[in-house]
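Welcome, and thanks for taking a look at this one with us. Below is a short briefing on the fold, the charged pairs and the aromatic rings.

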Amino acid sequence: MSVEGPIIVPPSIPGGRLPKPMSARRSREQASERTPVTKPPSMSMFPLGYKEAVYQWWHSVTPAIAERNVISCIPYLREAVALGTGSATEVPSAEHPGETETSTKIDPYGPRVWKSTMVALSGKNRGLNEFSVERVGEPVDDTLVMLHGYGAGLGFYYKNFENLSRAKGWKLYALDWLGMGNSTRPPFKICAKDPAAKITEAENWFIDALEEWRQIRKIDKFTLLGHSLGGYLGVSYALKYPGHLNKLILASPVGVPEDPYAVNADMPEPMDSTFQDEFTVDQQSTTQDHRALNTTQPDANAPKKRPYPPWLVWLWDANVSPFSIIRLAGPLGPRVASGWTSRRFNHLTSDEKQKLHDYAYSIFRQRGSGEYVLPYLLAPGAHARRPVINRIHRVGRQIITPATETEPAVKETGYPIVFMYGENDWMDVAGGLAAEEKLKQAKVKALLHGTEEEKRKENGGAKVVIVSKAGHHLYLDNPDEFNDYVRKELEETRQQTLRERS
């Protein structure tokens, strides 16, 4: 089945302003005349029954085995295991650290080595769960590091590993953030008193672990692909540890716009995409083509106020994570988790849907750790306390080596930054468009005021891409189109690497 290419969003209108959209009511009326609206199937808040929930709780697999079951769905790796000893324990995962090779007889893009390991970090109970794929017999020119979002795990990328590791000259890594997924879960403590210092300390808790991992792996530069909170933290990493990225791909990043309460106090219209969509929207409807309904661009300068009930604000500020509710539910925990998984994965096959439900529940029920970062970085509704839009222009423009008495400072000369959104994303693409404008302005400034050497090395760039038939989890909603676009980005990066080396 052919897959449409990604939709490249045209550059913003000069000055960062976007055209005012028509009213939501008028848009819906016009859209209804053209395209019949398909209502998602009715679904109770918690589809899993009480008996089924208790049964799953009693017979639930360990988080490591749940990860292994998801990874076993990867094409060619699945066949290699089936033709081996027939034991699923050959699947490299947190449950079975080690590696498996897929030969060219099974894998048309092989041979490839699939490996899983726990990378120990300094300090007590600190380690990152790592999954990697490498092509055998080829030199590694570039490295892709994939980072998941809040409370998730590397297994959610299972539909991307095989395709993205086809690229020649690349080695792929996927990591669980410290305190999330199947990485170790040390206590999450913030000691700072000042609000700004609290944000910095919370960010550092994650990105310092990522930088230590990079040093252990002896990786000089890499391409970082981060989803949601992973994208937000990717920006923070780029600013604190300059000189180690050659491209930044932000897949539906959280925390880009500034102060969504500044302009409008109205509740969003029913068709508007909001934070609640993450928990309420049926994924089958999300993965349908809704471009006929989306006839206008959003207004980056008029974010809507999205008031939330007092009880939600209280729970958020009290740092009561959604996963603590699942843990407190005990035998009914799988039922509570099904309220999210049943909607998030209902566009998949029944086998994959069950494996992802088990995997998600296995992550949610683990001891709380990195999940407690939420209120330090985000306000209720997932709006950043330190918005990305206010610092994106500094990404790729940091000083790598300070100036000395004899040598000038060595500065970054920019690198491509890509914002990716699903066409039905609850993250606002207007934030990405505004960030694109800021990055382009930063490049113009660098070309005007940089040294001749800096101008010669200038490599900055920015673009916004919309993946069709996808929502916030665009890598899972429409993996074919997502993979196709990322592969093109990887090829561009490799050509740049080869030019620099020559």
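## Overall picture

The protein chain holds 18 helices and 14 strands; helices (H or I, at least four residues) and strands (E, at least two) are DSSP runs, numbered from the N terminus. This is a predicted model, in which local features need pLDDT of at least 70 and side-chain atom pairs count only at pLDDT 80 or more, while totals for chains, interfaces and linings use all residues. Residues are numbered from 1 along each chain as its sequence is written, and side-chain values use heavy atoms, with hydrogens and water left out.

- Of the 502 residues in the protein chain, 53% count as buried; buried means under 20% relative accessible area, exposed means over 50%, and partly exposed lies in between (1.4 Å probe, protein chains only).
- Among contacts (heavy atoms within 4.5 Å) between residues at least 6 apart in sequence, 76% join residues at least 24 apart.
- The accessible surface of the protein chain comes to about 22,700 Å², and 55% of that surface belongs to carbon and sulfur atoms. Accessible areas come from the Shrake-Rupley method with a 1.4 Å probe, and for residues only the protein chains shown count as cover.

## Salt bridges

- The structure holds 26 salt bridges, a salt bridge being a side-chain nitrogen of Lys or Arg within 4 Å of a carboxyl oxygen of Asp or Glu.
- R217 and E130 form one of them, with the closest N and O atoms 2.9 Å apart. R217 lies in helix α6 (residues 195-217) and E130 in strand β4 (residues 127-135), so this pair ties together parts that are 87 residues apart in sequence.
- E203 pairs with R391 in a salt bridge, the closest N and O atoms being 3.2 Å apart. This pair links distant parts of the chain, with E203 in helix α6 and R391 in the loop between β10 (383-384) and β11 (399-401), 188 residues apart.
- E203 counts as buried at 4% relative accessibility, and R391 is buried with a relative accessible area of 6%.
- Within helix α6, R214 and E211 lie three residues apart, about one turn of the helix, and their side chains meet in a salt bridge (2.7 Å, N to O).
- R214 counts as buried at 8% relative accessibility, and E211 counts as buried at 4%.
- A network of salt bridges links D107, R112, E162 and R166.

## Aromatic pairs

- A pair of aromatic rings is described by the distance of the centres and the angle of the planes.
- Rings of Phe, Tyr and Trp (its six-membered ring) pair if their centres lie within 6.5 Å; planes under 30 degrees apart count as stacked, over 60 as edge-to-face and the rest as tilted. By this rule the count comes to 17 aromatic pairs.
- Y157 and Y475 make a tilted pair, 4.9 Å centre to centre with 50 degrees between the planes. This pair links distant parts of the chain: Y157 is in the loop between β5 (142-147) and α5 (161-164), Y475 is in helix α17 (residues 474-477), and they are 318 residues apart.
- Both Y157 and Y475 are buried.
- F323 and F364 form a stacked pair, at 4.7 Å centre to centre and 25 degrees between the planes. Here too distant parts of the chain are linked, with F323 in helix α11 (residues 322-328) and F364 in helix α13 (residues 350-364), 41 residues apart.
- F323 is buried, as is F364.
- One aromatic cluster is formed by F131, Y157, F161, Y475 and F482.

## Charges over rings

- R335 lies over the face of Y50, 4.2 Å from the ring centre. A charge sits over a ring if NZ of Lys or CZ of Arg is within 6 Å of the ring centre and within 35 degrees of the ring normal.
- R391, the salt-bridge partner of E203, has its charged end over the ring of Y232, 5.0 Å from the centre.

## A closer look at F345

- F345 is placed in the loop between α12 and α13, and it is buried with a relative accessible area of 1%.
- Leaving aside neighbours within four places in sequence, F345 is in contact with F156, W340, K353, L356, H357 and L476.
- F345 and L476 are 131 residues apart in sequence and 8.8 Å apart in space, C-alpha to C-alpha.
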